[in-house]
Amino acid sequence: MPPFRPPTSPRRPRPGSLERPVNARAYRGTALLVAIPLLITAFTITRPESLPPPTFPPAFDEVGATQSARELATQFPNRTPGSATATDAADWVAERLASFGFRVQRDRFRAQVPEQGRVTMENVIAVSPGRSPDVLVLVAHRDNLGTTGQGADDNASGTGTLLELARGYGLRAAPAPGQERAPVSPTHTIVFVSSDGGAYGGLGAARFVETSPYRRRIVAAVNLVAIGGRDTIRIELAADRPRSPDAMLVETAAARIVQRAGTEPRVTSAAGQLIDLAFPFSFYEQAHFVGSGIPAVSLTTAGPRPPAPESDTVDRLDDRRIGQAGRAAEALLGSLDEGVALAGDTSTYLYLDGRIVQGWAVKLVLITALLPFLLAAVDLFARCRRRRIPLAPALRSYRSRLAFWVWTGLMFGFLALIGAWPQVDRPPPPGTSLAGDWPVVTLTFFAIFVFASWLVGRERLLPRRAVSPEEELAGQTAALLVLAVLALLTVAINAYALVFLLPSLHAWLWLPQVRHGALWLRAAVLAVGLAGPLVLVGSFAWRYELGLDAPWYVLELVAIGYVPLPAIVIALAWLAAAGQLTAVAAGRYAPYPSARERPPRGPVRQLVGRLLSLALGRRMTELKRAVGS
């Protein structure tokens, strides 16, 4: 009888084989390098300096500010830009500023407003001359959405506070009852801006930054928006470009809030700040100043999204909070006026509880996190070359997918050009129909067109024969190489945007390793790679409270031209690579056919022929039934 031999378990494929082509050892070894920039980052955390508090005692009149806010909200509850009541509100603000001795300037301009079309707006400006030509700007928008509510918090509270602060620098203003000091003679020239279109993306602030004769002399700007809410004061830092305000300005604002309000200010979390640098966006006016290289912050009691207009009424104003924010803004303005000049630096950083993490260190961490993927992808390419696995058909297959997505992007842009998508100059505010109502008819037409285009393009991508493991590996390698190129382009354009790309790089790198695994495993790896775009959409859904409207809102930002063209191109190329990797994982991939494998007719003629055959076949069936009956 032969000796008993236990059954042998299947041998694990050796590293470097077709079943395990990814060099896991090199990947793990390179991943350890991420610890180095993390250590460097830990040693570069610093505490920014704060300007000293002003020498004059607090003189902000809380009663006067709240009375002005209530009067504006009550007399002009509808201050929609371009309306007659908006003009009346501008006249009211101009009269108040003139009563303080200012020579008021009124800057009229036209801009596109959601649901209103192109309307005339107006900035009301007052200037307190100083001994220095350098300029400090205090801005607060006075308009509102004009739907329901009175715009009491957003932004009658900011306008009332701006008027009270301007009174202290006026030429004929007497001290308020109980005050000891006379009107202030500033060191810097101080410009008070009651802007229009602030509720619609900061149109007035953008106008001031672009056209004001003071724009080249501005050393700092402070924006007051929705400061009459119940929550504690928050400092808003985000810009419409990957920049951060001067760290000394932020620390000074935080110190004055603690000093005059008695509470620590709220600041966006580190993750939120990183997302704001990766995809710059904000509903508040400081974004235009910082994006143009001017240090600026917003003081607000609201969150990243302005208060809901339907509940923004006079009876919900918190007078005590307006007083705290007003005194903090007064002290901040005094510190900036009396202190040494700011560096005017708008380089990037993360602000964490009074400390900053330098932006270059964060970029270093992100770029180092990219290295393991790059090394493994290049190694995978080298192994394909050593095995003489041709990559040209796989790259042509990717080219066809890329052509489909570029065509889709061009069609989307064409619909925007002819006015099928919303036509506005700035991102639409939440709470309006443009932000929440999907254009179902246009989107349906667009989806049908995209589907028809895919039917044409897929003719060259359908499997016509059994695909070998080598060809599947070539398809995945080509897509991973494209992702590597996209990652390098992202580093060149905005390295912070790697936070949206890294999950797909590190997850999809292992698709060649699991392509013979269970379907659920391949689907899970693909799903993990989608985490980056989901973070972006989730940020709009959660932080800005857009919910299920977040995907459409992001598409709106693309349609109005807010998203830069290079970012759109990278996104389309990423979708093409994702499509090729998904096709391999689903078993539906085929390399681009050679000339012998391609049919004599092109994809368009083939599709038309199939549709005609289908239509004629149904017609013949109906005729046969008619003859038979």
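A: By class, the residues lining the largest cavity divide into eleven nonpolar, eight polar and four charged. The model is a predicted one. This cavity has a volume of about 220 Å³. Its lining is made of 23 residues, and those closest to its centre are Leu145, Asp154, Ala199, Pro306 and Pro307. In total, the structure holds seven cavities of 30 Å³ or more.

Asp154 is joined to Asn155 by a cis peptide bond, with omega at about 10°. Asn155 is found in helix H5, which covers residues 152-168.

The lining of the second largest pocket has six nonpolar, six polar and eight charged residues.

Now to the protein around these spaces. The protein has 629 residues, and 54% of them count as buried. Its secondary structure consists of 22 helices and ten strands. Among contacts between residues at least 6 apart in sequence, 82% join residues at least 24 apart.

Leu277 lies in helix H8, residues 270-278. Its relative accessible area is 4%, which is under 20%, so Leu277 counts as buried. Apart from neighbours within four places in sequence, Leu277 is in contact with Pro242, Arg243, Ser244, Thr348, Tyr349, Leu350, Asn494 and Tyr496.

Ala226 has a phi near 50°, a positive value in a residue other than glycine. Ala226 sits in the loop between strand E5 (218-224) and strand E6 (234-236). Asp353 also has a positive phi near 50° and is likewise not a glycine. The place of Asp353 is in the loop between strand E9 (349-352) and strand E10 (355-358). Are these two residues buried or exposed? Ala226 is buried, with a relative accessible area of 0%. Asp353 has a relative accessibility of 75%, which is over 50%, so Asp353 counts as exposed.

The last part is a pair of helices. Two packed helices are described by the angle between their axes and by the distance between the axes. Helix H18 (residues 519-529) and helix H19 (residues 531-542) pack at an angle of about 45°, and their axes are 5 Å apart. H18 and H19 are therefore oblique to each other. On the H18 side the contact is made by Ala527, Val528 and Gly529, and on the H19 side by Ala531, Gly532 and Pro533. Four residues of this contact are nonpolar, two are polar and none is charged. The lining of the largest cavity, by contrast, includes four charged residues.

How values were computed:
Residues are numbered from 1 along each chain as its sequence is written. This is a predicted model: local features need pLDDT of at least 70, side-chain atom pairs count only at pLDDT 80 or more; totals for chains, interfaces and linings use all residues. Side-chain values use heavy atoms; hydrogens and water are left out. Axes are lines fitted to C-alpha atoms, for helices over the stretch in contact, and angles run from 0 to 180 degrees between N-to-C directions. Helices (H or I, at least four residues) and strands (E, at least two) are DSSP runs, numbered from the N terminus. Angles under 35 degrees count as roughly parallel, over 145 as roughly antiparallel, 65 to 115 as roughly perpendicular and the rest as oblique. Contact means heavy atoms within 4.5 Å. Ala, Val, Leu, Ile, Met, Phe, Trp, Tyr, Cys and Pro count as nonpolar, Asp, Glu, Lys and Arg as charged, and the others, Gly among them, as polar. On a 1 Å grid over the protein atoms alone, a cavity is a set of points where a 1.4 Å probe fits but cannot get out, and a pocket is an open set with protein on both sides within 12 Å along at least five of seven lines; lining residues have an atom within 4 Å of a point. Grid points are joined across faces, edges and corners, and a volume is the space filled by probe spheres set on the points. Buried means under 20% relative accessible area, exposed over 50%, partly exposed in between (1.4 Å probe, protein chains only).
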